[in-house]
Amino acid sequence: MGSLGNVTHVIFDLDGLILNTEILYDVAIQKILDRFDKTYTYDLKMKVMGMKYHKSMDLIQKELDIPITAEELVTESMCNLKELFIKCDKMPGAERLINHLRKHGI
């Protein structure tokens, strides 16, 4: 087996690896649904998991029969996420990993 050489760069999936963002999506969506006395349930979350964001908002809108469009859900949730991401916590060990990579010139 041949050598691949030295590692010089790393590409991270920021969402869920470096930053704990998963819960923020739930909070952003629920903030909108609160206006309509609707709940973003675990069952609904499981239905939309893995879908493209716009398609998931379409399903949420239809499943909960809320009086705004899927596009409005996308727009409002993105605004909510901008506010939430500013306060986002790092995942446990993320800073240690980044510092380790930096220390080794990666």
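How much space lies in the largest pocket, and which helices pack together around α4?

A: Happy to walk you through it. This is a predicted model, so local features need pLDDT of at least 70 and side-chain atom pairs count only at pLDDT 80 or more, while totals for chains, interfaces and linings use all residues. Residues are numbered from 1 along each chain as its sequence is written, and side-chain values use heavy atoms, leaving out hydrogens and water.

Let us start with the pocket. About 310 Å³ of space lies in the largest pocket. (On a 1 Å grid over the protein atoms alone, a pocket is an open set of points where a 1.4 Å probe fits, with protein on both sides within 12 Å along at least five of seven lines; lining residues have an atom within 4 Å of a point. The volume is the space filled by probe spheres set on the points, which are joined across faces, edges and corners.) Its lining has 16 residues, with Y25, Y40, K45, M49 and G50 nearest the centre. Two or more lining residues come from each of α1 (14-17), α2, α3 (42-48) and α4; helices here are DSSP runs (H or I) of at least four residues, numbered from the N terminus. The largest share, 4 residues, is from α2. By class, the lining has 8 nonpolar, 4 polar and 4 charged residues (Ala, Val, Leu, Ile, Met, Phe, Trp, Tyr, Cys and Pro count as nonpolar, Asp, Glu, Lys and Arg as charged, and the others, Gly among them, as polar).

Now for the packing. Helix α2 (residues 22-33) and helix α4 (residues 53-64) pack at about 40°, their axes 13 Å apart (axes are lines fitted to C-alpha atoms over the stretch in contact, and angles run from 0 to 180 degrees between N-to-C directions). That makes α2 oblique to α4 (angles under 35 degrees count as roughly parallel, over 145 as roughly antiparallel, 65 to 115 as roughly perpendicular and the rest as oblique). Y25, I29 and L33 of α2 make the contact with Y53, M57, I60 and L64 of α4, where contact means heavy atoms within 4.5 Å. By class, this contact has 7 nonpolar, no polar and no charged residues.

On to the other partner of α4: its axis and that of helix α5 (residues 70-85) come within 8 Å and cross at roughly 115°. That makes α4 roughly perpendicular to α5. Among the residues in this contact are Y53 and M57 of α4 and L73 and S77 of α5.
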